[in-house]
Amino acid sequence: MLIDFRFCNSRSFYEETELSMRATDDDTFSELNTFNVGEKILPEDDNELIKSAVIFGGNASGKTNVLKAFAYMSNFVRLSSAHVLMPNESFAFKTDADKENSFYEVEIIQNGIYYKYGFKLNNGIVKHEWLYKREETLAKVFERKNEKLEIDGVSEESINLIKVPDNTLFLSIGNNFNLSVNKYLSEVMNWFLNVLIVFENSYNSLDIYNMENYKYKIQALEILNKADIGITDFEIIKDKIATSSDRDSLTKLNIKLQSDPSVIAGQLKAELESLYKIDMKTYFNVFDNEDNIVDKKEVMLFKDNGFNSEGTVRLICYLGWILAALDQGRVVFIDEIDSKLHFLVVDYLLKLFNSIEHNPKNAQIICTAHNVLLMDENFRRDQIYFTSKDHRGRSSLVSLADYTGVSKNDLFSKKYLAGFYASLPNFSREKGEE
């Protein structure tokens with residue numbers, strides 16, 4: 001579970017920015033859109049979290065950069081053990097901002113334990129890193145400032161034997177050592193490994209529909225039927241196209257790609273030493289003149305590009321991970337969830353999270369969107385965020401709950417379009433006007 005995400009000096013965000021999943025004292029849609037985590041994890045007056053948050057804002061206002069900031073943090077945690085230099089994308093529109101530290105921090109709950117983990121870095125070099133946990137009281141697990149490392153319950157003599165490269169997070173390699181804190185390092189690492197981050201140009205694998213005894217496939221077909229997509233059935237087609245250890249097969253693949261890019265029409269997935277192309281065969285009913293079903297039409301989702309709408313392709317690619325998140329109680333970030341999708345489809349997907357029946361494990365979704373009508377569909381004020389960008393190119397992120405004079409009965413979309421909550425494009429402004 002995600003409690004808070006804070007960051008600064010990252011992409012279009014220069015000042016410290018917070019995306020919080022903490023519920024306010026608003027009792028709107030209580031229990032449906034919120035859940036309690038228990039007094040042993042968070043204080044009694046602060047132990048309610050929201051299940052979903054949607055970020056609205058104009059083009060280039062910073063919506064996607066909130067997700068990309070988290071993606072950077074997550075990728076740095078996941079890949080840091082490989083000692084790959086990952087320069088942080090510091091704010092671009094301030095002199096010497098690239099010489100200042102970038103900051104990333106999360107507060108999370110994993111297996112019933114509260115954690116606060118974060119780091120500061122500059123040009124991919126870690127300057128400060130810390131991890132705290134709370135079981136009965138808040139306690140430091142470890143802290144690292146440049147080359148100085150402190151680990152709870154570990155002697156300074158033993159710590160001196162641990163060498164951490166300056167472009168590597170201790171969290172990522174700590175389990176290489178036999179330490180009393182390994183349990184906590186593993187749990188935080190596993191939280192990051194289980195978060196799903198989805199951007200339009202990086203669809204996740206369709207392979208998930210073959211998992212869990214086809215459970216997600218069955219659920220997806222029910223939703224596709226409700227959306228009146230027309231697909232009556234589908235199956236995943238998985239073709240091996242190269243072996244990473246076989247240079248000849250990789251060379252042949254590269255030659256094929258140069259002459260025919262459609263060779264990789266589908267999603268690519270590496271498993272062990274093999275590279276697979278994954279596509280989906282979809283089935284449609286064919287009718288005679290008396291409306292009797294007489295045949296099935298087979299269409300490949302990617303290979304037969306253009307038959308299915310872009311919205312259908314996007315829905316299918318997202319749906320498996322959404323269903324997996326709900327089933328497993330995971331956190332999922334989705335950029336532009338409403339792009340190419342009908343309003344009612346997006347509304348339905350978000351309501352799956354804001355539900356007791358469909359979300360018993362309290363999965364969370366954080367997404368960006370443009371369709372302002374979503375604001376008025378059973379959302380609380382603390383679930384709605386706005387991004388704006390000022391004349392200096394600095395983005396800001398503000399929750400609707402932070403505005404005064406906002407009633408829970410307001411038509412949020414109307415006030416947003418009138419400019420009450422965030423700056424919007426002003427197409428009536430004349431050239432030269434501020």
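This is a predicted model: local features need pLDDT of at least 70, side-chain atom pairs count only at pLDDT 80 or more; totals for chains, interfaces and linings use all residues.
I began with the strand order and found an open sheet of seven strands, arranged S2-S1-S6-S7-S8-S9-S10 with antiparallel pairing. I then looked at the edges, where S2 and S10 each have a single partner strand, so that one side of each is left without a neighbour in the sheet. From one strand to the next, the twist averages 10°.

I looked up how strand S6 (residues 102-110) is joined to strand S7 (residues 113-122), and the two pair in the antiparallel sense over nine bridges.

Which strands does H1 lie across? I find H1 lying across strand S1 (2-8), S6, S7 and strand S8 (125-134), and its direction runs at about 95° to S7. H4 also packs on the sheet, where it touches S1, S6, S7, S8 and S9, and its direction makes about 75° with that of S7.

I checked the length of helix H1 (residues 63-79): at 1.5 Å a residue its 17 residues should span 24 Å, and the end C-alpha atoms are 25 Å apart, which agrees. I made the corresponding check on helix H4 (residues 182-194), whose 13 residues reach 18 Å from the first C-alpha to the last, close to the 18 Å expected at 1.5 Å a residue. For burial, I recorded that H1 is mostly covered, with 12 of its 17 residues buried; among them are Val66, Leu67, Phe70, Tyr72, Met73, Phe76 and Val77, and the polar residues Lys63, Asn65 and Ser74 are buried as well. In H4 the buried residues include Tyr184, Leu185, Val188, Met189, Trp191 and Phe192, together with Asn182 and Glu187.

**Entry 5, a hairpin.** I turned to strand S14 (residues 274-287) and strand S15 (residues 293-300), which run antiparallel and are joined by seven bridges. Within this pair, Val286 stands opposite Asp295 in S15. The two strands form a hairpin with five residues between them, and in the turn I noted Asp291, which has a positive phi of about 65°.

Most residues other than glycine have a negative phi, so I looked up the exceptions with some care. Glu31 has a phi near 80°, a positive value in a residue other than glycine, and its place is in the loop between strand S2 (17-20) and strand S3 (34-36). Because its relative accessibility is 55%, Glu31 counts as exposed. Asn146, which is not a glycine either, has a positive phi of about 55°, and I located it in the loop between strand S9 (138-145) and strand S10 (148-151). Is Asn146 exposed or partly exposed? At 48% relative accessibility Asn146 counts as partly exposed, because the exposed class requires a value over 50%.

My count comes to 26 salt bridges. Asp4 is buried, with a relative accessible area of 1%. I also traced a network of salt bridges in which Asp4, Arg6, Glu18, Arg22, Asp46, Glu105 and Glu107 are linked.

The next pair was Arg394 and Glu15, with side chains meeting in a salt bridge at 2.6 Å, N to O. Arg394 lies in the loop between strand S18 (384-389) and strand S19 (395-399) and Glu15 in the loop between S1 and S2, so the pair ties together parts that are 379 residues apart in sequence. Arg394 counts as buried at 13% relative accessibility, whereas Glu15 is partly exposed, with a relative accessible area of 35%.

The last pair I looked up was Glu135 and Lys133, whose side chains meet in a salt bridge at 3.0 Å, N to O. Here Glu135 counts as partly exposed at 35% relative accessibility, while Lys133 is buried, with a relative accessible area of 12%.

Note on methods: Residues are numbered from 1 along each chain as its sequence is written. Side-chain values use heavy atoms; hydrogens and water are left out. Helices (H or I, at least four residues) and strands (E, at least two) are DSSP runs, numbered from the N terminus. The expected span of a helix is 1.5 Å times one less than its number of residues. Buried means under 20% relative accessible area, exposed over 50%, partly exposed in between (1.4 Å probe, protein chains only). Two strands pair if DSSP finds at least two bridges between them. Axes are lines fitted to C-alpha atoms, for helices over the stretch in contact, and angles run from 0 to 180 degrees between N-to-C directions. Contact means heavy atoms within 4.5 Å. A salt bridge is a side-chain nitrogen of Lys or Arg within 4 Å of a carboxyl oxygen of Asp or Glu.
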